[in-house]
Structure formats: structure tokens, C-alpha cells
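Subject: Structure handover

Hello,

Here is the structure I promised to pass on. Please open it alongside this email.

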Amino acid sequence: MPRRPKKPCRHPGCPELTDGDFCEGHAALHRADRVDASGRGYGSRWRKARKLFLKRHPLCEKCKEQGRFVKAEVVDHIVPHRGDGKLFWDEGNWQALCKSCHDSKTMTEDRYQEYRY
């Protein structure tokens, strides 16, 4: 079976070639860069809750405001939870959105972390 060609390490400035994302020397530095989906709370419990919520709220909230009826595909956290479990599971903080509305909301409103002093 032919093997894939090696690619450059993703660590800035590293010329090493590797099979994965990072070479052996930099893999340890980048292990905690991003936790997988279930580690961020989006496991089987979330999938069940999401499915029930979309059954009860089948239309996109933002599109409904504009008089359009589009099927909701995503359960969005109105206020980004940023790892806060209480805010993550608060159904009052959820809204049903289509993929397009969710992507534009995330890129404009939720993109940068807000600091409050």
C-alpha cells in the first residue's frame, strides 16, 4: 500500500517533515491546542438535547424575524458559554438557527472573547 508523502511540521519556522501535524519535537508543545468536541461538552448528552430542541424549534429564529421560513440546523448559544457548564446547559440561552445565520453570527458577534472589568 503506498504511503502518503510527508508534509512540513505546522510549528512556525520548523522545516521538519512529518506524517501528522507536528514533528516529534513540537508535538508535545501543541497537544493542548484544542480539545475535541466531546471534551468541550458536545458529547452524546448534547446531541440528544440538541435533537429534542430542534424538534421543538424547527425554524431558524433570525430568518423568521425577516419573514422567511428556513429549517433550523444548529442550536446556538446566544451568549457564548466559553466553557461555563451552567451557561452551556441553560436552555434559555439556546436558539435554533440555520447554518448560514449561525456562521454569520459566530463570525461577527462571538468571534472575540469579551473581557469585562
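Below is what turned up, topic by topic.

One caution first: this is a predicted model.

**Aromatic rings**

Start with the rings. How many aromatic pairs does a search of the whole structure find? The count is eight.

Take tyrosine 42 and phenylalanine 88. Their ring centres are 5.1 Å apart. Their planes meet at 70 degrees, so this pair is edge-to-face; the cut-off for that class is over 60. The two residues come from distant parts of the chain, 46 residues apart. Tyrosine 42 is in the loop between helix H1 (24-27) and helix H2 (44-56). Phenylalanine 88 belongs to helix H4 (residues 85-89). Tyrosine 42 has a relative accessible area of 25%, which makes it partly exposed. Phenylalanine 88 has 4% and is buried.

Now phenylalanine 53 and tryptophan 94. Here the ring centres lie 5.4 Å apart. The planes are at 85 degrees, so this pair is edge-to-face too. Phenylalanine 53 is buried, at 4% relative accessible area. Tryptophan 94 is buried as well, at 6%.

Which residues do the ring pairs link into a cluster? They are Tyr42, Trp46, Phe53, Phe88, Trp89 and Trp94. The charged end of arginine 45 sits over the ring of tryptophan 89, 3.9 Å from the ring centre.

**The largest pocket**

Next, the pocket. The largest one has a volume of about 510 Å³. It is lined by 17 residues. Which of them are closest to its centre? Those are Tyr42, Asp76, His77, His81 and His102.

H2, strand E3 (74-77) and helix H5 (99-108) each give at least two residues to the lining. E3 supplies the largest share, with four residues. By class, the lining holds seven charged, five polar and five nonpolar residues.

**Strands E3 and E4**

How do E3 and E4 pair? They run in the antiparallel sense, over four bridges. Valine 75 stands opposite alanine 96 in E4. Aspartate 76 stands opposite glutamine 95 in E4.

In a regular strand, side chains alternate between the two faces of the sheet. In E3, Val74 and Asp76 point one way, and Val75 and His77 point the other way. All of these are buried. E4 is covered on both faces. Trp94 and Ala96 are on one side, Gln95 and Leu97 on the other, and all are buried.

**A backbone angle**

Look at arginine 82 in the loop between E3 and H4. Its phi is near 45 degrees. That is a positive value in a residue other than glycine. Arginine 82 is partly exposed, with a relative accessible area of 44%.

**Towards the chain ends**

Arginine 3 is in the segment before E1. Is arginine 3 buried or exposed? It is exposed, at 70% relative accessible area. Arginine 3 and aspartate 19 are 16 residues apart in sequence. In space they are 9.6 Å apart, C-alpha to C-alpha.

Proline 5 lies in the segment before strand E1 (7-8). At 71% relative accessibility, proline 5 is exposed. Leucine 17 is twelve residues from proline 5 in sequence, and the C-alpha distance is 9.1 Å.

Aspartate 110 comes in the segment after H5. Its relative accessible area is 12%, so aspartate 110 counts as buried; the cut-off is under 20%. Aspartate 110 is 33 residues from histidine 77 in sequence. The C-alpha atoms of this pair are 9.6 Å apart.

Best wishes

Key
Residues are numbered from 1 along each chain as its sequence is written. This is a predicted model: local features need pLDDT of at least 70, side-chain atom pairs count only at pLDDT 80 or more; totals for chains, interfaces and linings use all residues. Side-chain values use heavy atoms; hydrogens and water are left out. Rings of Phe, Tyr and Trp (its six-membered ring) pair if their centres lie within 6.5 Å; planes under 30 degrees apart count as stacked, over 60 as edge-to-face and the rest as tilted. Buried means under 20% relative accessible area, exposed over 50%, partly exposed in between (1.4 Å probe, protein chains only). A charge sits over a ring if NZ of Lys or CZ of Arg is within 6 Å of the ring centre and within 35 degrees of the ring normal. On a 1 Å grid over the protein atoms alone, a cavity is a set of points where a 1.4 Å probe fits but cannot get out, and a pocket is an open set with protein on both sides within 12 Å along at least five of seven lines; lining residues have an atom within 4 Å of a point. Grid points are joined across faces, edges and corners, and a volume is the space filled by probe spheres set on the points. Ala, Val, Leu, Ile, Met, Phe, Trp, Tyr, Cys and Pro count as nonpolar, Asp, Glu, Lys and Arg as charged, and the others, Gly among them, as polar. Two strands pair if DSSP finds at least two bridges between them.
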